[in-house]
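Hi,

Here is the structure I promised to pass on.

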Amino acid sequence: MEDGLPDKPRLKRSCEAPKVGIVHLGPGAFFRAFNAVYTDEAMANAGGDWGICAVSLRSPTARDQLDPQGGAFTSVSLSEDGPKPRVIESISRVLVAPEDPNAVVDAMADAGVKIVSLTITEKGYCHEPATGALNRTHPDVMHDLANIAAPRTAVGFIVAALAKRHAAGGKPFTVLSCDNLPSNGALARGTVLDFARAYDPALADWIAENVPFPATMVDRITPATTDADVEKLAEIAGYHDPACVFHEAFRQWVIEDDFADGRPAWDSAGAQFVKDVDAHELMKLRCLNGTHSTMAYLGYLAGLETIGDVVTDPDFAGLCEKLWHEEIISTLPQPDGEDLPAYCATLMDRFKDTSIRHKTWQIAMDGSQKLPQRLLGTIADNLAQGHLPNGLILAVAAWMRYVGGTDEKGDPIDVRDPMADQLKASDGVFDLLGFRDIFSETLAQNPAFRAPLTAAYARLQSQGARAAVKEYIAQ
Ligand code: CS2
């Protein structure tokens, strides 16, 4: 985008950038709609040096969009009474790691930084999805172990920065994972310690003793920003902001209150600080993200472009309801203060908000990294309870059909996944069940799973997604 649309000025910062107290890895749309908004409100309510240094581990796009605006951007909240734009100014600077990895390590090692937070997506942890262990054979992990001065991975940057702090006798920072992973704090801690042990066992001991990795549950539906969004904002607000994000009004942040050196007053902006996040996280991952992935694969194969299109289709609305009430809620521990059927009813209202154009294709991305926590754990729990979850098994079959790379009209599917090539080259159900990074041996070898999965896959091949959904909701 040019610096400003032909007839609109570029957004500019209105106030001095706040002193940096947080380094955030992953400056994408969700971070801007979520962490940056909560932190902006927390500073407005209660002050504090919680300016964010946002770091991209890959692309210069976010920096190129935000730098000309001094880090300011627009959060556009969508609801039935129309778009509500608000300028957010919690981002103080933006770095692009591949351009200057050392600058990122220095920023994270700076004594003023109390928190390093992450929205790096599931694949950013370089872990094995089925076990949570660090994937030591990941090419970037191998690179970082040999070149810690110029990391490429989040885990490499975190260990390099903590090494620098520890060597200088500094305080630890808190590592705050904000990604859709079960026990995301423990998972981040495990991968960091795995890496540190391979690099410097004494440092690993110091990290294990001193660095908190609180878990969080994060929730705000935020589609990728499109050019149409940027133009829409220019029309309603009178300025050009390519870094804007359009998102639902709903947001929920549940955070384990375990910080090394303070935190912003996020609770003043509505975040919930709790002792144990796990039950909330499981509820969200299985009820929201599990049905999201189900609708992504079955909806895409049935030719439905957005989540709104899927849930306003009676067959697919029935699929969601049946999944929640017959296969998902029964596997969940009761989170404090939540009513699970009411939570799912609210989810359906959120999914039906057609002002949010959340594409099935976008949610279908990175399925190899998402399936274990969104679908496979729930399936395993159902089977352990002696119940056959045909709907969730149909969703896995739909993922297998999707990653084959051809849709029901015979057209190619643009499959985005770190394992896309291997998945596409695989030969059907039994081959795909052989991916131990995704399917545990126990589940993959369980005949109570294999047989209905094979049948569901064959039904998708012969009758298509819509017929398979119709058959499932009629059961
Ligand atoms: C979605 C999530 O893209 C996806 O995989 O399921 O980004 C979802 O929109 C968020 O978790 C909602 O909080």
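Leu 118 has Ser 177 as its bridge partner in strand 7. Strand 6 (residues 115–118) runs parallel to strand 7, and four bridges join the two. Strands here are DSSP runs of E with at least two residues, helices are runs of H or I with at least four, and both are numbered from the N terminus. Two strands count as paired if DSSP finds at least two bridges between them.

Before you go further: this is a predicted model, where local features need pLDDT of at least 70, side-chain atom pairs count only at pLDDT 80 or more, and totals for chains, interfaces and linings use all residues. Residues are numbered from 1 along each chain as its sequence is written, and side-chain values use heavy atoms, with hydrogens and water left out.

(The axes are lines fitted to C-alpha atoms, for helices over the stretch in contact, and angles run from 0 to 180 degrees between N-to-C directions.)

There is also an open sheet of three strands, ordered 4-3-9, and its pairing is mixed. Strand 4 (84–88) and strand 9 (245–248) each have a single partner strand, so one side of each is left without a neighbour in the sheet. The twist from one strand to the next averages 30 degrees. Strand 3 (residues 73–78) pairs with strand 9 in the parallel sense over four bridges, and Ser 77 stands opposite His 247 of strand 9.

Now the ligand. Residues around it (a heavy atom within 4 Å) include Asn 180, Asp 219, Lys 284, His 358 and Arg 374. By type, the shell divides into three nonpolar, four polar and five charged residues. (Ala, Val, Leu, Ile, Met, Phe, Trp, Tyr, Cys and Pro count as nonpolar, Asp, Glu, Lys and Arg as charged, and the others, Gly among them, as polar.) Helix 10 gives the largest share of the shell, four residues. Domain 1 (20–274) and domain 2 (278–474) each supply at least three residues to the shell, with bounds from an automatic or database domain assignment.

Which polar side-chain atoms lie 2.6 Å from an oxygen atom of the ligand? One belongs to Asp 219, and another to Lys 284.

Cheers

Notes:
A polar contact is a pair of N or O atoms within 3.5 Å; within protein, one must be able to donate a hydrogen and the other to accept it, and residues adjacent in sequence count only if both atoms are side-chain atoms.
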